[in-house]
Amino acid sequence: MRLCVGHSDAVDSDDAIDEVIDGLTSSLAGSSPLGALVYASPIYDHELIIATLAERWPDCVIAGCTADGEFTSVAGFAGDSVAVGLIVADPSLVSCGAALIPGLAEAPEAVVRLAIREAGEGLSGAATACFVFCDPFAVDLVSLCALLSAETPDDCIVVGGAAADHRIRLGQPSSPLQFGASGVASDAVSVLLVSGESLFSTGAACGWQPVGMPSVVTKAQGNVVLEIDDKPATVALKRWYPGIVDTVSAPGDRPIAVCDDGKALSMRPLFGVDEEAGALIFGGSVPEGSEFRICEVLKSGLLTAASASAREALDSYPGVAPQGALVVNCAARKWTLGTETASEAAQIAGVLGGIPHLGFYSFGELIPNRDGASYFQSHTCATVVFGSV
């Protein structure tokens with residue numbers, strides 16, 4: 001099982017997908033792909049891109065989403081581009097299935113269950129890996145991880161990310177989109193399942209560091225924190241970040257570290273502030289009793305963490321030589337790095353060496369925890385490497 005990668009930052013959608021297909025065709029060397037992962041900037045004609053891929057390889061299943069930046073082993077980082085990875089393997093040994101199901105906000109349990117079932121119809125055995133992409137604003141991502149873990153086998157790794165759209169940060173109309181062979185959707189979940197003789201390993205690292213004394217969440221409802229230390233949550237926020245109420249306009253500008261069981265530390269992106277209610281709105285549920293701590297970061301810390309993520313995935317790989325890698329990286333890392341964003345892609349490429357890889361900047365990362373179950377993390381670089389048995 002290997003990965004073939006195509007990447008183009010051509011402005012015109014037709015030119016971009018043609019360049020991507022040319023690169024993929026050369027890399028395939030006559031092989032037929034089983035599955036495709038597609039990441040694209042919001043500026044493109046996504047229906048055209050998906051339709052062109054489906055016409056070129058009609059038996060190849062498709063999953064993916066819009067991104068806040070893409071990076072690959074063939075072209076490095078690009079802020080607005082189309083990146084496609086094709087999964088290639090002997091179909092008698094490996095199989096792929098995919099599904100794109102909308103309606104996530106209204107019926108998340110039913111949508112996830114249907115997506116896994118439909119994608120599973122294309123498999124010849126139990127799923128060993130699940131790549132998932134979703135609308136970040138349609139569902140609590142913590143709950144989504146629990147649903148995915150419940151619907152997939154215990155030994156199936158679940159890795160993915162929430163679709164991104166950089167226009168949100170600019171205060172422009174936007175809608176993160178999800179892709180499938182049937183086309184493009186919002187408020188949806190897109191999954192690609194893999195089964196058969198393949199090996200996977202993962203790594204993840206953050207780079208942000210909690211600082212100062214912790215505060216305690218004393219009142220919360222899901223992802224809405226109402227009180228911290230028995231005071232309106234916005235009071236604590238203003239103490240940490242003066243003037244933030246007037247500046248929060250995009251998810252993840254300022255991360256908060258949440259410790260919800262005395263041990264497990266997770267990052268939570270701040271999606272918004274409800275000044276009237278004194279509430280903070282996060283990209284994931286925050287239980288009452290959780291400890292809150294503000295976080296700080298140096299750019300060098302992000303670059304070190306990116307390398308650590310790739311290194312952990314490689315070091316834990318159970319086979320001899322991985323033949324592909326996928327990376328899901330938080331968009332807040334890109335915003336923090338600014339003009340140094342390409343350095344993060346270079347750090348990852350340096351660790352992976354010549355392994356073909358494909359990555360995107362997301363609005364939330366879904367990665368396995370140390371027990372193997374899927375969980376939601378933010379501000380994180382997550383890497384999965386894979387190959388044949």
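Predicted model: local features only at pLDDT ≥ 70, side-chain atom pairs only at ≥ 80, totals over all residues.
Aromatic pairs come first. The model contains 10 of them. One joins Y39 and F133 in an edge-to-face arrangement, with 5.7 Å from centre to centre and 70° between the planes. The angle counts as edge-to-face because it is over 60 degrees. The two residues sit in distant parts of the chain: Y39 belongs to strand β2 (residues 35-40) and F133 to strand β8 (residues 127-134), 94 residues apart. Both partners are hidden from solvent. Y39 is buried at a relative accessible area of 2%, and F133 is buried at 1%. Together with F360, Y39 and F133 make up one aromatic cluster.

The salt bridges number six. In one, the side chains of D68 and K334 meet, at 3.0 Å from N to O. D68 lies in the loop between β3 (61-66) and β4 (70-72), and K334 lies in helix α7 (residues 331-337), so this bridge ties together parts 266 residues apart in sequence. D68 is buried, with 0% relative accessible area. K334 is also buried, because its 17% relative accessibility falls under the 20% limit.

A second bridge connects R113 and E151, at 3.4 Å from N to O. R113 is part of helix α3 (residues 108-120) and E151 is part of helix α4, so the bridge ties together parts 38 residues apart in sequence.

R333 is buried at 0% relative accessibility. E344 is buried at 0% as well.

D135 presents another case. This residue lies in the loop between β8 and α4 (141-151). D135 is buried but has no salt bridge, and the nearest side chain of opposite charge, R167, is 11 Å away. The D135 side chain instead reaches the backbone nitrogen of D187, at 3.0 Å. Beyond its neighbours within four places in sequence, D135 is in contact with residues including L104, P176, Q178 and S186.

Helix α5 (residues 233-240) has a buried set made up of A233, T234, A236, L237 and W240. These residues cover an arc of only 155° around the axis, so they lie on the same side of α5. An α-helix has 3.6 residues a turn, so residues three or four places apart point the same way.

Key
Residues numbered from 1 in each chain as written. Heavy atoms only, no water. Phe/Tyr/Trp six-rings, centres within 6.5 Å; stacked < 30°, edge-to-face > 60°. Helix = DSSP H or I, 4+ residues; strand = E, 2+ residues; numbered from the N terminus. Buried < 20%, exposed > 50% of the residue type's maximum accessible area, 1.4 Å probe, protein only. Lys, Arg positive; Asp, Glu negative; His and termini not counted. Salt bridge = Lys/Arg side-chain N within 4 Å of Asp/Glu carboxyl O. Polar contact = N/O pair within 3.5 Å; in protein donor to acceptor, adjacent residues only side chain to side chain. Contact = heavy atoms within 4.5 Å. Arc of directions from axis to C-beta.
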